Amino acid sequence: MTARQPAIFVGHGSPMYALEPNRYTAAWANLGKSLKRPDAILMISAHWVTRGVWVTAMPKPKTIHDFGGFPQALFEIEYPAPGSPALADRIQELLSTPVVLEEHEWGIDHGAWSVLKYLFPKADIPVVQLSLNGAMSAQAHYDLAKQLQALRDENILIVSSGNVVHNLRTIHWQDDAQPYPWAQSFNQFFISQIQARQHQPLIDWEQFGEAAHLSIPTPEHYWPALYTLALQAEQERVELLVDGIEMSSISMLSFYLQ
């Protein structure tokens, strides 16, 4: 039995951070340097939403550039980490819901590689992605994530990538854009609840009212945070890695369990 791996949630923000390091990417890189080397990484990204639950099972996943309108240099980034069919099989064993093994179409999307290139820049640790079933409720995502707990004792690092506040319709692109009060309010509410070990109010986020609905107009960027919280053991605490509101309506909050 190996020492338990932490579980990490990263607020990934703009794809441009892959080209333009900043205080957030520096925090991710510093965390990566402090981690015990895992045998493989299970990645849950906001950018892979499917019908049903899918997991990548190819030995050599491709780097996916699932965005548009960015500089060519961003499309040229590769993250050539190997895959792990064995981990894909293990995930299929652990989950009570039927899992589809994805061999061809997907790979490592930008919600994954834009973070992993800072956490593990050598791209030499196998990466498997688990999709988000778009038909599931927040509670169902949380309950499914709990079934992955055993992986942490098998030297598998579980990394979730999204944003607690993610409203693209209200973005201000200026570097000095001020956060919306509702974005700050919901972000602080989220932090207060994870520090109090209160997960249910975050699962039932819609009850927080207008600030929650403005912060989460669609849930796919929020769900990955619930995957990390679901993995919190009784004796574990949440450590805040970095925080901030960028472009007025994107939370860069990142945290991990240890």
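Modeller: One term before anything else: a residue is buried under 20% relative accessible area, exposed over 50% and partly exposed in between, using a 1.4 Å probe and protein chains only. Helices (H or I, at least four residues) and strands (E, at least two) are DSSP runs, numbered from the N terminus. Keep in mind that this is a predicted model, where local features need pLDDT of at least 70, side-chain atom pairs count only at pLDDT 80 or more, and totals for chains, interfaces and linings use all residues. Residues are numbered from 1 along each chain as its sequence is written, and side-chain values use heavy atoms, with hydrogens and water left out.

Let's start at strand S1, residues 7-11. Here 5 of the 5 residues are buried, so S1 is largely enclosed by the rest of the structure. In a regular strand the side chains alternate between the two faces of the sheet. In S1, Ala7, Phe9 and Gly11 point one way and Ile8 and Val10 the other, and all are buried.

Now for the neighbours of S1. Two strands count as paired if DSSP finds at least two bridges between them. S1 runs parallel to strand S8, with 5 bridges, and one of the facing pairs is glycine 11 with glycine 162 of S8. S1 also pairs with strand S12 (residues 254-257), this time antiparallel and over 3 bridges; there, alanine 7 sits opposite leucine 257.

S8 takes us on to strand S2. S8 (residues 156-162) pairs with S2 in the parallel sense over 6 bridges, and leucine 42 stands opposite isoleucine 158 of S8. S2 (residues 40-50) has 9 of its 11 residues buried, so the rest of the structure largely encloses it. S2 is also joined by 6 bridges to strand S7 (residues 127-133), again running parallel, and valine 49 has leucine 132 of S7 opposite it.

Contact here means heavy atoms within 4.5 Å. Leaving aside residues up to four places away in sequence, serine 251 touches Gly11, Asn163, Val164, Val165, Asn187, Asp243, Gly244 and Ile245. Serine 251 belongs to strand S11 (residues 250-251) and counts as buried because its relative accessibility is 0%. A polar atom of the serine 251 side chain lies 3.2 Å from the backbone nitrogen of leucine 253. For scale, serine 251 and glutamine 5 are 246 residues apart in sequence and 25 Å apart in space, C-alpha to C-alpha.

Asn163 and Gly162 turn up again around histidine 221. This histidine is in the loop between helix H8 (210-215) and helix H9 (223-230). With a relative accessible area of 4%, histidine 221 is buried. Its contacts, not counting residues up to four places away in sequence, are His12, Ala46, His47, Gly162, Asn163 and His166. A polar contact is a pair of N or O atoms within 3.5 Å; within protein, one must be able to donate a hydrogen and the other to accept it, and residues adjacent in sequence count only if both atoms are side-chain atoms. By that rule the side chains of histidine 221 and histidine 47 make a polar contact at 3.3 Å.

Asparagine 167 lies in the loop between S8 and helix H6 (181-195). Its relative accessible area is 3%, which means asparagine 167 is buried. A polar atom of the asparagine 167 side chain lies 2.7 Å from the backbone oxygen of leucine 214. Residues up to four places away in sequence aside, asparagine 167 touches Trp182, Leu214, Ser215, Pro217, Ser249 and Ile250. Arginine 169 is in the loop between S8 and H6 too, but at 69% relative accessibility arginine 169 counts as exposed. Arginine 169 and serine 249 are 80 residues apart along the chain, with 8.8 Å between their C-alpha atoms.

So, where are the buried residues of this tour? Ala7, Phe9, Gly11, Ile8 and Val10 of S1 are buried, histidine 221 is buried at 4%, and serine 251 is buried at 0%.
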